[in-house]
Amino acid sequence: MTSAVLDLPLPRESLSRRLSDALFKYRGLLLTLLLVPPLLWLGIVYVGSLIALLLQSFFSIDEFSGTIVREFTLKTYAELLHPANLDVILRTVVMAAAVTAASAILAFPIAYYAARYARGQMKAAFYLAIMMPLWSSYLVKVYAWKLLLAKEGAVAWAADQIGATPAIDSILSAPLIGGPSLSVSYFGQFLVFIYLWLPFMILPIQAALERVPGSLIEASADLGAAPNQTFRTVILPLALPGVVAGSIFTFSLTLGDYILPQIIGPSTLLLGQAVYMLQGTAGNIPLAAAFAVVPISVMALYLLIAKRMGAFDAF
Amino acid sequence: MRSKASLGLKIGTGLGLLFLHAPLAFVILYAFTTEERSYQFPPPGLTLKWFGVAWSRPDVWNALTLSFQVAAVATILALVLGTLAAGALARTRFFGREAISLLIILPIALPGIVTGIALRSAFSLMDIPFSFWTIVVGHATFCVVVVHNNAVARLRRMSPSIVEASYDLGADSIQTFRYVILPNLGTALLAGAMLAFALSFDEVIVTTFTAGQQSTLPIWMLNELVRPRQRPVTNVVAVIVIILTFLPILAAYYLTREEGPASDRP
(Lines give C-alpha, C1' and ligand atoms only; values in the text may rest on other atoms or scores of the structure.)
Protein backbone atom coordinates (compact mmCIF):
# COMPACT_ATOMS: atom_id res chain seq x y z
CA MET A 1 0.00 0.00 0.00
CA THR A 2 2.63 2.49 1.02
CA SER A 3 4.90 1.36 -1.79
CA ALA A 4 2.20 2.28 -4.29
CA VAL A 5 2.25 5.81 -3.04
CA LEU A 6 6.01 5.97 -3.09
CA ASP A 7 6.14 4.64 -6.64
CA LEU A 8 4.24 7.58 -7.97
CA PRO A 9 6.60 9.71 -10.03
CA LEU A 10 7.46 12.91 -8.20
CA PRO A 11 6.36 16.09 -9.92
CA ARG A 12 9.25 17.47 -11.90
CA GLU A 13 10.74 20.25 -9.87
CA SER A 14 11.24 23.48 -11.72
CA LEU A 15 14.65 25.09 -11.64
CA SER A 16 13.43 28.06 -9.67
CA ARG A 17 11.83 25.76 -7.08
CA ARG A 18 15.05 23.82 -6.64
CA LEU A 19 17.04 27.04 -6.41
CA SER A 20 14.76 28.47 -3.76
CA ASP A 21 14.88 25.20 -1.82
CA ALA A 22 18.64 25.35 -1.86
CA LEU A 23 18.53 28.95 -0.64
CA PHE A 24 16.24 27.92 2.19
CA LYS A 25 18.30 24.90 3.22
CA TYR A 26 21.73 26.47 3.00
CA ARG A 27 21.50 29.80 4.76
CA GLY A 28 25.18 30.42 4.08
CA LEU A 29 24.54 30.29 0.34
CA LEU A 30 21.85 32.95 0.57
CA LEU A 31 24.08 35.13 2.70
CA THR A 32 26.94 34.78 0.23
CA LEU A 33 24.73 35.59 -2.74
CA LEU A 34 23.43 38.67 -0.95
CA LEU A 35 26.84 39.88 0.14
CA VAL A 36 28.95 39.29 -2.94
CA PRO A 37 27.69 42.16 -5.14
CA PRO A 38 27.90 44.95 -2.52
CA LEU A 39 31.22 43.63 -1.22
CA LEU A 40 32.69 43.39 -4.69
CA TRP A 41 31.59 46.94 -5.45
CA LEU A 42 32.76 48.52 -2.21
CA GLY A 43 35.82 46.31 -1.98
CA ILE A 44 37.07 46.96 -5.50
CA VAL A 45 35.84 50.47 -6.17
CA TYR A 46 36.21 51.97 -2.74
CA VAL A 47 38.82 50.08 -0.74
CA GLY A 48 40.81 49.60 -3.94
CA SER A 49 40.80 53.35 -4.47
CA LEU A 50 41.84 54.03 -0.89
CA ILE A 51 44.75 51.63 -1.32
CA ALA A 52 45.68 53.33 -4.59
CA LEU A 53 45.67 56.63 -2.72
CA LEU A 54 47.85 55.25 0.05
CA LEU A 55 50.29 53.82 -2.50
CA GLN A 56 50.58 57.15 -4.28
CA SER A 57 51.50 58.88 -1.04
CA PHE A 58 54.65 56.74 -0.91
CA PHE A 59 55.68 57.84 -4.40
CA SER A 60 57.43 61.12 -5.00
CA ILE A 61 57.63 63.74 -7.67
CA ASP A 62 60.76 64.37 -9.67
CA GLU A 63 61.64 67.99 -9.01
CA PHE A 64 63.11 68.64 -12.45
CA SER A 65 60.75 66.85 -14.81
CA GLY A 66 57.62 67.09 -12.64
CA THR A 67 56.79 63.45 -13.32
CA ILE A 68 55.79 60.93 -10.67
CA VAL A 69 58.55 58.54 -9.59
CA ARG A 70 56.92 55.22 -8.79
CA GLU A 71 59.37 54.09 -6.12
CA PHE A 72 58.78 53.66 -2.41
CA THR A 73 59.91 56.67 -0.44
CA LEU A 74 58.95 58.58 2.69
CA LYS A 75 60.17 61.83 1.15
CA THR A 76 56.64 63.03 0.43
CA TYR A 77 55.61 62.59 4.05
CA ALA A 78 58.70 64.52 5.14
CA GLU A 79 57.47 67.35 2.91
CA LEU A 80 54.32 67.56 5.01
CA LEU A 81 56.51 68.76 7.88
CA HIS A 82 57.61 71.77 5.86
CA PRO A 83 56.49 74.86 7.88
CA ALA A 84 54.10 76.09 5.16
CA ASN A 85 52.40 72.69 4.98
CA LEU A 86 52.31 72.27 8.77
CA ASP A 87 50.69 75.68 8.92
CA VAL A 88 47.90 74.53 6.58
CA ILE A 89 47.28 71.42 8.69
CA LEU A 90 47.33 73.33 11.97
CA ARG A 91 45.01 76.06 10.69
CA THR A 92 42.51 73.47 9.47
CA VAL A 93 42.53 71.48 12.71
CA VAL A 94 42.05 74.65 14.78
CA MET A 95 39.13 75.70 12.55
CA ALA A 96 37.58 72.23 12.85
CA ALA A 97 37.93 72.29 16.64
CA ALA A 98 36.43 75.79 16.93
CA VAL A 99 33.52 74.88 14.64
CA THR A 100 32.90 71.71 16.64
CA ALA A 101 32.85 73.53 19.99
CA ALA A 102 30.55 76.28 18.75
CA SER A 103 28.20 73.80 17.07
CA ALA A 104 27.88 71.82 20.29
CA ILE A 105 26.92 74.96 22.22
CA LEU A 106 24.37 76.08 19.62
CA ALA A 107 22.96 72.59 19.11
CA PHE A 108 22.35 71.83 22.78
CA PRO A 109 19.25 73.97 23.45
CA ILE A 110 17.56 72.78 20.23
CA ALA A 111 18.34 69.13 20.95
CA TYR A 112 17.24 69.51 24.58
CA TYR A 113 13.97 71.17 23.68
CA ALA A 114 13.24 68.61 20.96
CA ALA A 115 14.01 65.68 23.26
CA ARG A 116 12.26 66.84 26.43
CA TYR A 117 9.48 69.26 25.60
CA ALA A 118 8.36 68.62 22.02
CA ARG A 119 5.54 66.05 21.69
CA GLY A 120 3.30 64.75 18.91
CA GLN A 121 2.93 67.20 16.01
CA MET A 122 5.55 69.44 17.53
CA LYS A 123 8.05 66.59 17.62
CA ALA A 124 7.49 65.83 13.93
CA ALA A 125 7.88 69.53 13.14
CA PHE A 126 11.17 69.61 15.04
CA TYR A 127 12.40 66.53 13.22
CA LEU A 128 11.63 68.11 9.83
CA ALA A 129 13.09 71.44 10.95
CA ILE A 130 16.40 69.71 11.63
CA MET A 131 16.37 67.30 8.69
CA MET A 132 15.43 69.77 5.96
CA PRO A 133 18.48 72.04 6.35
CA LEU A 134 20.68 68.96 6.69
CA TRP A 135 19.52 67.62 3.35
CA SER A 136 19.19 70.86 1.41
CA SER A 137 21.74 71.49 -1.27
CA TYR A 138 25.21 72.17 0.10
CA LEU A 139 26.08 74.66 -2.61
CA VAL A 140 22.83 76.56 -2.24
CA LYS A 141 23.51 76.85 1.47
CA VAL A 142 26.99 78.22 0.83
CA TYR A 143 25.56 80.54 -1.80
CA ALA A 144 22.97 81.85 0.68
CA TRP A 145 25.81 83.03 2.90
CA LYS A 146 27.63 84.64 0.02
CA LEU A 147 24.50 86.76 -0.44
CA LEU A 148 24.12 87.42 3.27
CA LEU A 149 27.74 88.29 4.03
CA ALA A 150 28.41 90.46 0.98
CA LYS A 151 29.38 94.07 1.77
CA GLU A 152 26.02 95.30 0.41
CA GLY A 153 24.18 92.19 1.73
CA ALA A 154 21.55 91.55 4.36
CA VAL A 155 23.83 91.12 7.40
CA ALA A 156 25.51 94.47 6.86
CA TRP A 157 22.11 96.08 6.22
CA ALA A 158 20.63 94.57 9.40
CA ALA A 159 23.65 95.62 11.45
CA ASP A 160 23.27 99.14 10.10
CA GLN A 161 19.56 99.22 10.99
CA ILE A 162 20.11 98.23 14.62
CA GLY A 163 23.34 100.19 15.00
CA ALA A 164 25.56 97.12 15.32
CA THR A 165 27.97 98.12 12.56
CA PRO A 166 30.70 99.05 15.12
CA ALA A 167 30.45 95.52 16.59
CA ILE A 168 31.01 93.95 13.18
CA ASP A 169 33.83 96.39 12.44
CA SER A 170 35.57 95.45 15.67
CA ILE A 171 35.37 91.74 14.74
CA LEU A 172 36.76 92.53 11.30
CA SER A 173 39.62 94.58 12.69
CA ALA A 174 40.60 91.82 15.13
CA PRO A 175 43.84 90.06 14.22
CA LEU A 176 43.62 86.54 12.68
CA ILE A 177 39.84 86.22 12.50
CA GLY A 178 39.23 89.58 10.82
CA GLY A 179 39.58 90.80 7.26
CA PRO A 180 38.36 93.46 4.83
CA SER A 181 34.77 92.15 4.94
CA LEU A 182 32.81 89.33 6.54
CA SER A 183 32.79 87.22 3.37
CA VAL A 184 36.60 87.13 3.20
CA SER A 185 37.33 86.71 6.92
CA TYR A 186 37.91 83.60 9.02
CA PHE A 187 35.03 84.71 11.19
CA GLY A 188 32.62 84.57 8.25
CA GLN A 189 33.98 81.18 7.22
CA PHE A 190 33.55 79.94 10.78
CA LEU A 191 29.91 81.09 10.84
CA VAL A 192 29.11 79.29 7.60
CA PHE A 193 30.82 76.08 8.72
CA ILE A 194 28.62 76.09 11.85
CA TYR A 195 25.53 76.70 9.73
CA LEU A 196 26.41 73.79 7.43
CA TRP A 197 27.13 71.20 10.11
CA LEU A 198 24.79 72.20 12.96
CA PRO A 199 22.08 69.58 12.12
CA PHE A 200 24.74 66.84 12.27
CA MET A 201 25.40 67.90 15.86
CA ILE A 202 21.74 68.29 16.90
CA LEU A 203 20.59 64.81 15.86
CA PRO A 204 22.97 62.68 17.98
CA ILE A 205 22.67 64.98 21.03
CA GLN A 206 18.89 64.72 20.74
CA ALA A 207 19.16 60.92 20.45
CA ALA A 208 21.31 60.78 23.60
CA LEU A 209 18.93 63.07 25.52
CA GLU A 210 15.87 61.03 24.45
CA ARG A 211 17.33 58.17 26.45
CA VAL A 212 17.61 60.15 29.69
CA PRO A 213 14.49 59.20 31.70
CA GLY A 214 12.54 62.16 33.05
CA SER A 215 12.40 60.47 36.44
CA LEU A 216 16.17 60.78 36.71
CA ILE A 217 15.93 64.55 36.46
CA GLU A 218 13.06 64.62 38.96
CA ALA A 219 15.09 62.45 41.33
CA SER A 220 17.96 64.88 41.08
CA ALA A 221 15.62 67.76 41.94
CA ASP A 222 14.05 65.76 44.79
CA LEU A 223 17.48 65.18 46.22
CA GLY A 224 17.94 68.91 46.43
CA ALA A 225 19.94 69.76 43.31
CA ALA A 226 19.40 73.19 41.82
CA PRO A 227 18.46 73.18 38.11
CA ASN A 228 21.98 74.13 37.01
CA GLN A 229 23.43 71.47 39.32
CA THR A 230 21.16 68.86 37.71
CA PHE A 231 22.29 70.11 34.32
CA ARG A 232 25.98 69.85 35.17
CA THR A 233 25.98 66.58 37.07
CA VAL A 234 23.13 64.59 35.46
CA ILE A 235 22.17 65.84 32.01
CA LEU A 236 25.53 66.89 30.64
CA PRO A 237 27.41 63.64 31.41
CA LEU A 238 24.57 61.60 29.88
CA ALA A 239 24.49 63.81 26.78
CA LEU A 240 28.25 63.67 26.31
CA PRO A 241 28.30 60.56 24.08
CA GLY A 242 25.87 62.38 21.78
CA VAL A 243 28.11 65.45 21.69
CA VAL A 244 31.11 63.27 20.85
CA ALA A 245 29.14 61.47 18.12
CA GLY A 246 28.09 64.81 16.63
CA SER A 247 31.63 66.12 16.84
CA ILE A 248 32.80 63.26 14.62
CA PHE A 249 30.72 64.74 11.81
CA THR A 250 31.47 68.41 12.42
CA PHE A 251 35.19 67.69 12.75
CA SER A 252 35.48 65.34 9.78
CA LEU A 253 33.35 67.50 7.50
CA THR A 254 35.34 70.65 8.31
CA LEU A 255 38.66 68.87 7.79
CA GLY A 256 37.71 67.73 4.31
CA ASP A 257 35.78 70.69 2.98
CA TYR A 258 37.42 72.62 0.17
CA ILE A 259 34.43 74.22 -1.54
CA LEU A 260 33.39 76.64 1.20
CA PRO A 261 36.92 78.04 1.75
CA GLN A 262 37.10 78.83 -1.98
CA ILE A 263 33.95 80.90 -1.78
CA ILE A 264 33.95 82.39 1.73
CA GLY A 265 37.03 83.25 3.75
CA PRO A 266 40.56 84.56 3.27
CA SER A 267 42.82 83.44 0.43
CA THR A 268 45.06 81.31 2.68
CA LEU A 269 44.49 77.60 2.11
CA LEU A 270 42.77 75.02 4.25
CA LEU A 271 43.74 71.37 4.00
CA GLY A 272 41.07 70.39 1.49
CA GLN A 273 42.02 73.21 -0.84
CA ALA A 274 45.69 72.21 -0.61
CA VAL A 275 44.81 68.66 -1.65
CA TYR A 276 42.67 69.89 -4.52
CA MET A 277 45.26 72.31 -5.86
CA LEU A 278 48.13 69.85 -5.50
CA GLN A 279 46.38 67.14 -7.47
CA GLY A 280 44.92 69.53 -10.02
CA THR A 281 46.96 72.50 -11.17
CA ALA A 282 50.22 71.42 -9.49
CA GLY A 283 49.94 67.81 -10.64
CA ASN A 284 51.68 66.65 -7.47
CA ILE A 285 49.49 63.64 -6.71
CA PRO A 286 51.91 62.08 -4.20
CA LEU A 287 51.88 65.16 -1.94
CA ALA A 288 48.11 65.51 -2.39
CA ALA A 289 47.74 61.88 -1.33
CA ALA A 290 49.99 62.40 1.70
CA PHE A 291 47.88 65.45 2.63
CA ALA A 292 44.72 63.36 2.30
CA VAL A 293 46.15 60.78 4.68
CA VAL A 294 46.21 63.49 7.38
CA PRO A 295 42.40 63.76 7.78
CA ILE A 296 42.14 59.96 7.55
CA SER A 297 44.57 59.49 10.43
CA VAL A 298 43.16 62.37 12.47
CA MET A 299 39.70 60.84 12.06
CA ALA A 300 40.93 57.33 12.90
CA LEU A 301 42.41 58.66 16.13
CA TYR A 302 39.24 60.63 16.82
CA LEU A 303 37.02 57.61 16.23
CA LEU A 304 39.15 55.53 18.57
CA ILE A 305 38.75 58.06 21.38
CA ALA A 306 35.04 58.46 20.58
CA LYS A 307 34.51 54.72 20.81
CA ARG A 308 36.12 54.67 24.25
CA MET A 309 33.68 57.38 25.33
CA GLY A 310 30.67 55.40 24.15
CA ALA A 311 29.77 57.74 21.29
CA PHE A 312 28.68 54.91 19.00
CA ASP A 313 25.78 54.03 21.25
CA ALA A 314 24.33 57.46 20.56
CA PHE A 315 23.45 56.93 16.90
CA MET B 1 4.88 65.74 35.62
CA ARG B 2 6.91 67.74 33.20
CA SER B 3 7.96 71.24 34.06
CA LYS B 4 7.73 73.93 31.40
CA ALA B 5 10.69 74.93 29.28
CA SER B 6 12.53 77.94 30.67
CA LEU B 7 12.53 81.19 28.74
CA GLY B 8 16.28 80.96 28.09
CA LEU B 9 15.88 77.52 26.54
CA LYS B 10 13.04 78.75 24.32
CA ILE B 11 15.07 81.73 23.12
CA GLY B 12 18.13 79.54 22.47
CA THR B 13 16.04 77.05 20.51
CA GLY B 14 14.23 79.75 18.54
CA LEU B 15 17.41 81.59 17.57
CA GLY B 16 19.10 78.32 16.61
CA LEU B 17 16.23 77.32 14.35
CA LEU B 18 16.13 80.80 12.82
CA PHE B 19 19.86 80.52 12.09
CA LEU B 20 19.20 77.18 10.36
CA HIS B 21 16.29 78.34 8.21
CA ALA B 22 16.56 82.05 7.44
CA PRO B 23 19.46 81.89 4.93
CA LEU B 24 17.55 79.84 2.35
CA ALA B 25 14.68 82.33 2.48
CA PHE B 26 17.12 84.97 1.23
CA VAL B 27 18.12 82.78 -1.73
CA ILE B 28 14.46 82.59 -2.73
CA LEU B 29 14.04 86.37 -2.33
CA TYR B 30 17.10 87.08 -4.49
CA ALA B 31 15.70 85.04 -7.38
CA PHE B 32 13.20 87.87 -7.89
CA THR B 33 15.55 90.84 -7.52
CA THR B 34 15.95 93.38 -10.30
CA GLU B 35 19.57 94.05 -9.27
CA GLU B 36 22.05 92.35 -11.61
CA ARG B 37 25.53 93.36 -10.51
CA SER B 38 25.60 93.03 -6.73
CA TYR B 39 23.89 91.31 -3.82
CA GLN B 40 22.25 94.52 -2.69
CA PHE B 41 19.82 94.20 0.22
CA PRO B 42 16.98 95.05 0.34
CA PRO B 43 16.44 94.35 -3.39
CA PRO B 44 15.61 97.55 -5.29
CA GLY B 45 12.67 95.85 -7.06
CA LEU B 46 11.13 92.49 -7.80
CA THR B 47 10.73 90.78 -11.16
CA LEU B 48 9.98 87.36 -12.67
CA LYS B 49 12.08 87.86 -15.78
CA TRP B 50 15.11 85.84 -14.59
CA PHE B 51 13.08 82.65 -14.58
CA GLY B 52 12.52 83.16 -18.30
CA VAL B 53 16.20 83.94 -18.89
CA ALA B 54 17.27 80.80 -17.02
CA TRP B 55 14.70 78.74 -18.95
CA SER B 56 16.29 79.68 -22.27
CA ARG B 57 19.88 78.89 -21.22
CA PRO B 58 21.11 75.65 -22.84
CA ASP B 59 24.02 75.28 -20.38
CA VAL B 60 21.56 75.16 -17.47
CA TRP B 61 19.46 72.53 -19.26
CA ASN B 62 22.52 70.43 -20.11
CA ALA B 63 23.73 70.45 -16.52
CA LEU B 64 20.25 69.66 -15.23
CA THR B 65 19.87 66.73 -17.65
CA LEU B 66 23.28 65.30 -16.77
CA SER B 67 22.52 65.56 -13.05
CA PHE B 68 19.21 63.75 -13.55
CA GLN B 69 20.82 60.96 -15.56
CA VAL B 70 23.69 60.50 -13.11
CA ALA B 71 21.35 60.53 -10.11
CA ALA B 72 18.97 58.04 -11.75
CA VAL B 73 21.67 55.50 -12.65
CA ALA B 74 23.50 55.92 -9.32
CA THR B 75 20.20 55.45 -7.46
CA ILE B 76 19.41 52.21 -9.31
CA LEU B 77 22.88 50.83 -8.55
CA ALA B 78 22.65 51.90 -4.91
CA LEU B 79 19.16 50.41 -4.65
CA VAL B 80 20.37 46.98 -5.76
CA LEU B 81 23.58 46.98 -3.72
CA GLY B 82 22.03 48.57 -0.62
CA THR B 83 19.06 46.17 -0.56
CA LEU B 84 21.30 43.13 -0.93
CA ALA B 85 23.57 44.33 1.86
CA ALA B 86 20.57 45.08 4.08
CA GLY B 87 19.17 41.59 3.45
CA ALA B 88 22.44 40.09 4.59
CA LEU B 89 23.05 42.34 7.59
CA ALA B 90 19.59 42.98 9.05
CA ARG B 91 19.07 39.80 11.06
CA THR B 92 21.94 37.39 10.67
CA ARG B 93 25.07 37.49 12.78
CA PHE B 94 28.30 36.21 11.33
CA PHE B 95 32.02 36.76 11.51
CA GLY B 96 33.02 40.06 9.90
CA ARG B 97 29.55 41.59 10.06
CA GLU B 98 30.76 44.69 11.89
CA ALA B 99 33.54 45.17 9.36
CA ILE B 100 31.06 45.06 6.49
CA SER B 101 28.78 47.59 8.21
CA LEU B 102 31.77 49.87 8.61
CA LEU B 103 32.69 49.40 4.95
CA ILE B 104 29.22 50.52 3.88
CA ILE B 105 29.29 53.64 6.05
CA LEU B 106 32.91 54.57 5.29
CA PRO B 107 32.37 56.34 1.93
CA ILE B 108 30.18 58.91 3.65
CA ALA B 109 31.95 58.97 7.04
CA LEU B 110 35.34 59.88 5.59
CA PRO B 111 35.62 63.43 4.25
CA GLY B 112 34.32 63.66 0.67
CA ILE B 113 37.66 64.88 -0.53
CA VAL B 114 39.28 61.59 0.55
CA THR B 115 36.71 59.56 -1.41
CA GLY B 116 37.14 61.92 -4.34
CA ILE B 117 40.90 61.87 -4.56
CA ALA B 118 41.02 58.12 -3.86
CA LEU B 119 38.73 57.46 -6.83
CA ARG B 120 40.64 59.89 -8.99
CA SER B 121 44.01 58.36 -8.22
CA ALA B 122 42.59 54.89 -8.89
CA PHE B 123 41.19 56.04 -12.25
CA SER B 124 44.49 57.63 -13.18
CA LEU B 125 46.51 54.55 -12.09
CA MET B 126 44.31 52.38 -14.32
CA ASP B 127 44.21 54.94 -17.16
CA ILE B 128 40.42 55.14 -17.10
CA PRO B 129 39.26 58.34 -18.85
CA PHE B 130 36.68 60.50 -17.08
CA SER B 131 33.15 60.03 -18.36
CA PHE B 132 29.52 59.83 -17.35
CA TRP B 133 30.32 56.46 -15.80
CA THR B 134 33.16 57.65 -13.58
CA ILE B 135 30.72 60.16 -12.03
CA VAL B 136 28.13 57.41 -11.56
CA VAL B 137 30.65 55.06 -9.91
CA GLY B 138 31.54 57.71 -7.32
CA HIS B 139 27.92 58.60 -6.60
CA ALA B 140 26.69 55.01 -6.33
CA THR B 141 29.44 54.28 -3.80
CA PHE B 142 28.25 56.81 -1.26
CA CYS B 143 24.53 56.32 -2.01
CA VAL B 144 24.56 52.64 -0.96
CA VAL B 145 24.52 53.63 2.69
CA VAL B 146 21.21 55.55 2.62
CA VAL B 147 19.34 52.74 0.86
CA HIS B 148 20.96 50.23 3.23
CA ASN B 149 19.98 52.22 6.34
CA ASN B 150 16.35 52.53 5.28
CA ALA B 151 16.05 48.88 4.27
CA VAL B 152 17.72 47.60 7.46
CA ALA B 153 15.39 49.69 9.65
CA ARG B 154 12.34 48.25 7.87
CA LEU B 155 13.60 44.65 7.86
CA ARG B 156 14.25 44.81 11.59
CA ARG B 157 10.75 46.11 12.21
CA MET B 158 9.15 43.39 10.09
CA SER B 159 8.02 40.38 12.11
CA PRO B 160 10.04 37.28 11.12
CA SER B 161 6.91 35.17 11.60
CA ILE B 162 5.26 36.46 8.41
CA VAL B 163 8.15 35.00 6.42
CA GLU B 164 7.80 31.71 8.29
CA ALA B 165 4.05 31.75 7.68
CA SER B 166 4.71 32.19 3.97
CA TYR B 167 6.98 29.11 3.93
CA ASP B 168 4.48 27.11 5.98
CA LEU B 169 1.79 27.90 3.44
CA GLY B 170 3.96 26.40 0.70
CA ALA B 171 5.63 29.40 -0.90
CA ASP B 172 9.24 29.03 -1.98
CA SER B 173 11.97 31.58 -1.26
CA ILE B 174 11.44 33.46 -4.50
CA GLN B 175 7.67 33.65 -4.01
CA THR B 176 8.18 34.71 -0.41
CA PHE B 177 10.50 37.48 -1.53
CA ARG B 178 8.13 38.57 -4.32
CA TYR B 179 4.84 38.45 -2.41
CA VAL B 180 5.78 38.95 1.26
CA ILE B 181 9.12 40.68 1.73
CA LEU B 182 9.07 43.09 -1.21
CA PRO B 183 5.60 44.61 -0.51
CA ASN B 184 6.66 45.19 3.10
CA LEU B 185 9.98 46.66 2.06
CA GLY B 186 8.54 48.76 -0.78
CA THR B 187 8.05 52.15 0.84
CA ALA B 188 11.38 51.92 2.70
CA LEU B 189 13.17 51.24 -0.58
CA LEU B 190 11.30 54.10 -2.25
CA ALA B 191 12.33 56.41 0.59
CA GLY B 192 15.93 55.20 0.36
CA ALA B 193 15.88 55.77 -3.39
CA MET B 194 14.55 59.30 -2.95
CA LEU B 195 17.28 60.15 -0.47
CA ALA B 196 19.95 58.56 -2.65
CA PHE B 197 18.65 60.57 -5.59
CA ALA B 198 18.73 63.81 -3.59
CA LEU B 199 22.22 63.01 -2.31
CA SER B 200 23.56 62.31 -5.79
CA PHE B 201 21.73 65.23 -7.38
CA ASP B 202 23.38 67.62 -4.93
CA GLU B 203 26.87 66.10 -4.66
CA VAL B 204 29.75 68.36 -5.60
CA ILE B 205 32.94 67.36 -3.75
CA VAL B 206 33.43 63.84 -5.12
CA THR B 207 32.09 64.95 -8.51
CA THR B 208 34.79 67.57 -8.99
CA PHE B 209 37.32 64.74 -8.85
CA THR B 210 35.53 62.28 -11.12
CA ALA B 211 33.86 64.50 -13.72
CA GLY B 212 36.50 65.64 -16.17
CA GLN B 213 34.96 68.18 -18.57
CA GLN B 214 31.31 67.39 -17.91
CA SER B 215 29.30 69.59 -15.65
CA THR B 216 26.49 68.44 -13.41
CA LEU B 217 24.20 71.08 -11.95
CA PRO B 218 26.23 71.44 -8.71
CA ILE B 219 29.45 71.77 -10.75
CA TRP B 220 27.74 74.41 -12.88
CA MET B 221 26.77 76.27 -9.71
CA LEU B 222 30.25 75.97 -8.25
CA ASN B 223 31.71 77.54 -11.40
CA GLU B 224 29.21 80.36 -11.14
CA LEU B 225 30.08 80.91 -7.49
CA VAL B 226 33.81 81.06 -8.10
CA ARG B 227 33.58 83.08 -11.33
CA PRO B 228 30.10 84.67 -11.55
CA ARG B 229 28.83 85.31 -15.09
CA GLN B 230 25.17 86.20 -14.67
CA ARG B 231 24.21 86.33 -11.02
CA PRO B 232 20.41 86.45 -11.43
CA VAL B 233 20.48 83.17 -13.40
CA THR B 234 22.48 81.55 -10.59
CA ASN B 235 19.85 82.78 -8.13
CA VAL B 236 17.07 81.17 -10.15
CA VAL B 237 18.99 77.89 -10.49
CA ALA B 238 19.55 77.90 -6.71
CA VAL B 239 15.78 78.12 -6.16
CA ILE B 240 15.20 75.25 -8.63
CA VAL B 241 17.76 73.15 -6.73
CA ILE B 242 16.04 73.95 -3.41
CA ILE B 243 12.72 72.70 -4.82
CA LEU B 244 14.21 69.63 -6.50
CA THR B 245 15.93 68.45 -3.30
CA PHE B 246 13.10 69.50 -0.97
CA LEU B 247 10.43 67.34 -2.62
CA PRO B 248 12.12 63.91 -2.54
CA ILE B 249 13.25 64.47 1.06
CA LEU B 250 9.75 65.38 2.18
CA ALA B 251 8.41 62.34 0.33
CA ALA B 252 11.00 60.10 1.98
CA TYR B 253 9.98 61.46 5.37
CA TYR B 254 6.31 60.65 4.86
CA LEU B 255 7.12 57.18 3.53
CA THR B 256 9.09 56.16 6.63
CA ARG B 257 7.40 58.28 9.28
CA GLU B 258 6.71 55.50 11.78
CA GLU B 259 10.32 54.41 11.88
CA GLY B 260 11.78 57.62 13.23
CA PRO B 261 15.15 58.81 12.06
CA ALA B 262 16.10 55.96 9.73
CA SER B 263 17.10 58.38 7.06
CA ASP B 264 19.88 60.19 8.89
CA ARG B 265 22.66 61.15 6.64
CA PRO B 266 25.65 60.32 8.76
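The side chains of A:K123 and A:E210 meet in a salt bridge (a side-chain nitrogen of Lys or Arg within 4 Å of a carboxyl oxygen of Asp or Glu), with N to O at 2.9 Å. Because A:K123 belongs to helix α6 (residues 121–135) of chain A and A:E210 to helix α10 (residues 186–210) of chain A, the pair ties together parts that are 87 residues apart in sequence; helices here are DSSP runs of H or I with at least four residues, numbered from the N terminus. A:K123 is partly exposed, at 24% relative accessible area, and A:E210 is also partly exposed, at 37%; buried means under 20%, exposed over 50% and partly exposed in between, with a 1.4 Å probe and protein chains only.

This is a predicted model, in which local features need pLDDT of at least 70 and side-chain atom pairs count only at pLDDT 80 or more, while totals for chains, interfaces and linings use all residues. Residues are numbered from 1 along each chain as its sequence is written, chains are lettered from A in the order in which they are written, and side-chain values use heavy atoms, with hydrogens and water left out.

Over all chains, the whole structure holds 6 salt bridges, among them the following.

| Salt bridge | N to O distance |
|---|---|
| A:K123 – A:E210 | 2.9 Å |
| B:R97 – B:E98 | 3.6 Å |
| B:R229 – B:E224 | 2.5 Å |

B:R97 is buried, at 8% relative accessible area, whereas B:E98 is exposed, at 57%.

Between chain A and chain B the count of salt bridges is 0. The contact (heavy atoms within 4.5 Å) takes 85 residues from chain A and 91 residues from chain B. The buried area, meaning the accessible area (1.4 Å probe) that the two parts lose on being put together, summed over both, is about 8,100 Å², of which carbon and sulfur atoms give 77%. A:Y46, A:W135 and A:Y143 supply 11% of the area that chain A buries against chain B, more than any other three residues.

Leaving out residues up to four places away in sequence, A:I259 touches A:Y138, A:L139, B:V204, B:I205 and B:L222.

Key. Helices (H or I, at least four residues) and strands (E, at least two) are DSSP runs, numbered from the N terminus.
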